[in-house]
Amino acid sequence: MPKLILKFGDRELSECAVGTNPVTIGRMPDNSLVIDNPAVSGRHARVYREGNHYVLEDLKSTNGTFVNDRPIARHTLLEGDAVLVGKHTLLFTQKDGEQTEVPAERPVVPAIGGTRVLDTNRQKELLATVDQKKPSPVDAVIAKTAIPTAQGRIGTIKVLSGNTGQREYVLAAVTTMIGKADTSQIRLKGWFKPKVAAAIARKGEGFTITPMGGKVSVNGQSITGRSNLASGDLIAVSGVTLEFTLS
Amino acid sequence: MRLKVGVATSVGRVRQTNEDAYLVRADQGLFVVCDGMGGAAAGEVASQLAVETIAAQVANGGLIGAEHRGFQPRTAGLGKAIEAANGVIIARARDEQAHAGMGTTVVGMWFGDGLASIAHVGDSRAYLRNESGFEALTTDHSLVEAQVKAGLINREQSLQSEHQNILLRALGRDSEIDVELSETTVAIGDRVLLCTDGLTRTVSDEGLAAALDKFLGDPQGACDHLIEMANNNGGPDNVTAVVVEFQGSRLSKVFQKVLGS
């Protein structure tokens, strides 16, 4: 007989056979499968037989019911489907029972409008159970892309001449704006100053400066487009002089 | 800076329906392109829900002061709007069985004060054309892109791969969505192209750049031309292009010259 195996993380908590009577899943004690967790609705979902298939139905639960990480309202269960209810997983299996009840085949990764979304969790889950020692190329890819990029070095701006309200700025933002506008981090003061004079942007490990309405020169050289900044560069922008340091 | 905008979309030569959606709000500097997926009209619903939700989030002003990892508030706000769209799509898919499993890609630009905030999920792209070249502002969240990054295949192999249509991220999949954000400064004369993969799989980067240059000053002409190129190359998929050209107002140019500073 098919069954639902209740799991929390890697731990198997219990099993529940699915026969001709519907199985109800929820937090309330009168369900056939009780999951006592605040993420689970009182009456969360149910599984019932329809012909020789088993159908999972979400009972308009607050946090939803997911099959293989996709939200479902109603879903025909297939061998190995992982049903997520709150933080608990229900594995649907018909193994060691009648093998004849496998419904019409569907692709493992559903083809949707030509474009498909790889279920990374499902993929990792499958790989982990099949062979933990041999990560497939796909697993390696996922692992690599998950690594955050290295922290950039710290850039600072020291105000050598002119009034911006602050003597020194740590370039914490991805883009630091210099100008009169409220949105500028380095605020220029004065009637004729441009709203946005220039922007300093983090680019990989370094920083660049782009003139955006003010006259900008770096070490006395006037620049028109985006230029890389080196530690010690002297920047003159709209009447103020700034020193850039990278550490 | 003034924005001159063009937009065009086409069902292509093979598909029966157009699941792409776009949003053009030049007055707000907001532009979005989405490529929906999911059978039985669900893809159209997902992409449309995404653009509507993003438009509403930006319009109601609730994103002001948003923060995210050192990004400008507008950038962080665009990310928040996309996260909201993801939630709306998931909720709709849960409530309406016909829409179960729907999803969409998204690429958006929110421009203000000389800075273009870019956000994306999936394989819809943003490009910047300026004096120094033609630059991709986004990196696809796709299996082949990840394989290239990991050094498992090279760029040429990726263009031939049978796995080109496998995405690693899309809206409507997971309630925790990782929206990729970036910022770029733009100057007068620069152009930004937002497009779906129906364009980038049929026209090379060189072709895209050449079309943008040929129609400098005429972003609508550029969009129409890009769509025609995609369809002439078989039009295998829906295709959508938004081109934003950054132009200087005459008055501001005069002021800048006079005031120098």
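Two strands pair if DSSP finds at least two bridges between them; strands (E, at least two residues) and helices (H or I, at least four) are DSSP runs, numbered from the N terminus.

The model is predicted: local features need pLDDT of at least 70, side-chain atom pairs count only at pLDDT 80 or more, and totals for chains, interfaces and linings use all residues. Residues are numbered from 1 along each chain as its sequence is written, chains are lettered from A in the order in which they are written, and side-chain values use heavy atoms, without hydrogens and water.

**View 1. Strand pairing between chain A and chain B.** Strand 12 of chain A pairs with strand 9 (residues 166-167) of chain B in the parallel sense, over two bridges. A:Val117 is placed opposite B:Leu167 of strand 9 of chain B.

**View 2. The interface of chain A and chain B.** Contact (heavy atoms within 4.5 Å) joins 46 residues of chain A to 39 residues of chain B. Buried area is the accessible area (1.4 Å probe) that two parts lose on being put together, summed over both; between chain A and chain B it is about 3700 Å², with 55% from carbon and sulfur atoms.

**View 3. Salt bridges across the interface.** A salt bridge is a side-chain nitrogen of Lys or Arg within 4 Å of a carboxyl oxygen of Asp or Glu. Three are found between chain A and chain B. One of them links A:Lys195 and B:Asp113, with the closest N and O atoms 3.2 Å apart.

**View 4. Elements on the side of chain A that touches chain B.** Elements giving two or more residues include helix 1 (120-130), strand 15 (175-179) and strand 17 (198-203) of chain A. Helix 2 of chain A gives the most, with four residues.
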